[in-house]
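Reader: I have a structure to go through and I'm new to this. Can we take it step by step?

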Amino acid sequence: MGNAMQGSEYYYTQGGKTEVVLSGGKAQCFPWHMHMQHWTCGVVLAGTVLLGQTQEEHTFGPGQHFILPPCVPHSVTLDSQAQMLTMCIPRGSKLDEVGET
């Protein structure tokens, strides 16, 4: 089921463990936070996305992606043209086996 909030649409699996977020349509900032029990996987569909981490920042454009393991503090800033698809996948998934890429 979708839930629109501040230019983002949130979708959850039936058990609520996996979250899919489609963001875009306006400039947005997701301030510093971390996902304790989830991997965060994002792909930029359009525009520019700035991913802030404790010691560095990375800029991503269309077709580029990032994967963050659980417990990594980060912020995400989308420019006014950005669109991004993000999945928050619970610990205990196949991502635990392959690690950060």
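**The sheet and one of its residues**

Author: Four strands form an open sheet in the order β4-β9-β6-β7, with antiparallel pairing. Strands here are DSSP runs of E with at least two residues, numbered from the N terminus, and two strands pair if DSSP finds at least two bridges between them.

Reader: Which are the edge strands?

Author: β4 (28–33) and β7 (57–60), each of which pairs on one side only.

Reader: Where does this model come from?

Author: This is a predicted model, where local features need pLDDT of at least 70, side-chain atom pairs count only at pLDDT 80 or more, and totals for chains, interfaces and linings use all residues. Residues are numbered from 1 along each chain as its sequence is written, and side-chain values use heavy atoms, with hydrogens and water left out.

Reader: What's the mean pLDDT?

Author: The protein has a mean of 89, and 91% of its residues reach 70 or more. pLDDT is the predictor's confidence in each residue, from 0 to 100.

Reader: Back to the strands. How many bridges join β6 and β9?

Author: β6 (residues 49–53) and β9 (residues 74–78) pair in the antiparallel sense over 5 bridges. Q53 stands opposite H74 in β9.

Reader: Is H74 buried or exposed?

Author: H74 counts as buried because its relative accessibility is 2%; buried means under 20% relative accessible area, exposed over 50%, partly exposed in between (1.4 Å probe, protein chains only).

Reader: What does H74 touch?

Author: Leaving aside neighbours within four places in sequence, its contacts (heavy atoms within 4.5 Å) include W32, L51 and L68.
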